[in-house]
Amino acid sequence: MIRILVDSSSDYTVEEIKEKNIELVHIRITLGEKTYIDGYDLGRDEFYEILQNSKDFPQTSQPSPQSFLDIFKDVKEKGDELICILLSSALSGTYQSAVLAKNMTDYDSIYLIDSLSATYTIKVMADYACRLREDGSSAAEITRKVENLKSRVKVLAALDTLEFLGRGGRISKAAAAIGDLANIKPLITISEEGKVEILGKCLGKNKAIHAILKRLEELGIDPDFPVYPIYSYGTENCAAFEKKLNTAGYSTNDMLQIGSTIGTHIGPGAFGIIFVAAS
C-alpha cells in the first residue's frame, strides 16, 4: 500500500485529511505562554485574533524525529510505501527531522520530498500525489513526478500590513512602520530556495492586484491544476482580488484561508493566489 504524509503547514482541514486518506504530522505553535497544535486545537480566525492582540510573536516548533519515527516503523512493519511531502527545509527543521527518522528506520520504501514551499502549495502537490496513487502509479514514480512539479507550484500574495514582517525580523520595525504609513503593500512569494521572498512593493491594494495579474500573465497557468485564491484573516481583500481574476478570464476554485505557519509572518488582510505555472 502507498501511503502519503504531510505536515500541518499544508493547511489541510481535518476533514480533507480523512477524506483523501492522508497522514499528518503536526507543527506546534507557541503564543505567549500557551502552546497549540497547528490545525487541531487552534482555529484559524482565532489564531489571527490572538496574533493581532498579543505582544508576543508566535514561535513554531518543528515535529521531532520521534513524531515521524512512529509512523515510519509502522510503514516498515506492514511492508507499505510512504511518500512524505514536507514544509520547506529553508523555513523549518521539519524535513530534517524526517530525514533523521528515515535513517533510524533503515527502510528504502520511504520517500521524502522537500517541498521548498508551504501552505496550499503543499496541498497541490499532495493532491497530485493522491491522484497518481489512484491511477496506479508506483511510489517511486509518484515521487519523481511530484519532484518535477514542485518548482511550478507558485504562491503570489499581497500583504495588507508590514507589521508582522517587522515583528518576525524579516524587515526592520522602522521600515514596517514607515511602509504602513505610506500604504505600501508588499508582494511576496516563496523563492526557488524555499524562502519567503519580497517580490516588490506596491502603493495601495489596487496596484498590488495589478502586479499579481501581470505576474500571472507572464508565468501562465496550467489548466490541469486548481487555482486557489487565498486569504489570511478577513475575506474582503481576497474577494475583490478574485473578482479581478475572474474579470481577467481566470477560473478559480474555492477561496482558502492561510494557516498559522505562514500567517505568523503575513498577518491579517493578506490575499493572493496558489497555482501551477504553465512552464
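**Burial, backbone and voids**

Asp11 is buried, with a relative accessible area of 3% (buried means under 20% relative accessible area, exposed over 50%, and partly exposed in between, with a 1.4 Å probe and protein chains only). The model is predicted, so local features need pLDDT of at least 70 and side-chain atom pairs count only at pLDDT 80 or more, while totals for chains, interfaces and linings use all residues. Residues are numbered from 1 along each chain as its sequence is written, and side-chain values use heavy atoms, with hydrogens and water left out.

**Backbone angles**

- Asp11 is not a glycine, yet its phi is positive, at about 65°.
- Asp11 is found in the loop between strand E1 (2–7) and helix H1 (14–20); helices (H or I, at least four residues) and strands (E, at least two) are DSSP runs, numbered from the N terminus.
- Leu116, a residue other than glycine, also has a positive phi, near 55°.
- Leu116 is placed in the loop between strand E7 (110–114) and helix H5 (120–134), and this residue is partly exposed, with a relative accessible area of 26%.

**Cavities**

- On a 1 Å grid over the protein atoms alone, a cavity is a set of points where a 1.4 Å probe fits but cannot get out, and a pocket is an open set with protein on both sides within 12 Å along at least five of seven lines; lining residues have an atom within 4 Å of a point.
- Grid points are joined across faces, edges and corners, and a volume is the space filled by probe spheres set on the points.
- The count comes to 2 cavities of 30 Å³ or more.
- The largest cavity has a volume of about 90 Å³, and its lining includes Thr119, Val155, Ala157 and Ile188.
- Strand E8 (153–158), strand E9 (184–190) and helix H11 (260–266) each supply at least two residues of that lining, with the largest share, 3 residues, coming from E9.
- By class, the lining of the largest cavity has 9 nonpolar, 2 polar and no charged residues (Ala, Val, Leu, Ile, Met, Phe, Trp, Tyr, Cys and Pro count as nonpolar, Asp, Glu, Lys and Arg as charged, and the others, Gly among them, as polar).
- The second largest cavity has a volume of about 70 Å³; among the residues that line it are Asp11, Tyr12, His26, Asp38 and Arg44.
- The lining of the second largest cavity has 2 nonpolar, 4 polar and 3 charged residues.

**Pockets**

- About 340 Å³ of space lies in the largest pocket.
- The largest pocket is lined by 17 residues, and Ser151, Lys154, Ile190, Ser191 and Glu192 lie nearest its centre.
- At least two lining residues of the largest pocket come from each of E8, E9, strand E10 (196–203) and H9; E8 gives the largest share, 4 residues.
- The lining of the largest pocket divides into 7 nonpolar, 5 polar and 5 charged residues.
- The second largest pocket has a volume of about 230 Å³.
- The second largest pocket is lined by 17 residues, of which Thr60, Leu91, Ser92, Thr261 and His265 lie nearest its centre.
- Strand E5 (59–61) and H11 are the elements that give two or more residues to the lining of the second largest pocket, and the largest share, 4 residues, comes from H11.
- This lining divides into 7 nonpolar, 9 polar and 1 charged.

**Cysteines**

- A search of the whole structure finds 0 disulfides (a disulfide is a pair of cysteine sulfur atoms within 2.5 Å).
- The sulfur of Cys84 is 13 Å from the closest cysteine sulfur, in Cys130, which is too far for a bond.
- Cys202 is in no disulfide, and the nearest cysteine sulfur, that of Cys238, is 16 Å away.
- Cys84 is buried, with a relative accessible area of 0%, and Cys202 is buried as well, with a relative accessible area of 11%.

**Helix H9**

- Helix H9 (residues 205–219) has 15 residues and reaches 21 Å from its first C-alpha to its last, close to the 21 Å expected at 1.5 Å a residue; the expected span is 1.5 Å times one less than the number of residues.
- The buried residues of H9 are Ala208, Ile209, Ile212, Leu213 and Leu216.
- The face of H9 turned away from its buried side carries the exposed residues Lys207, His210, Glu217 and Glu218.
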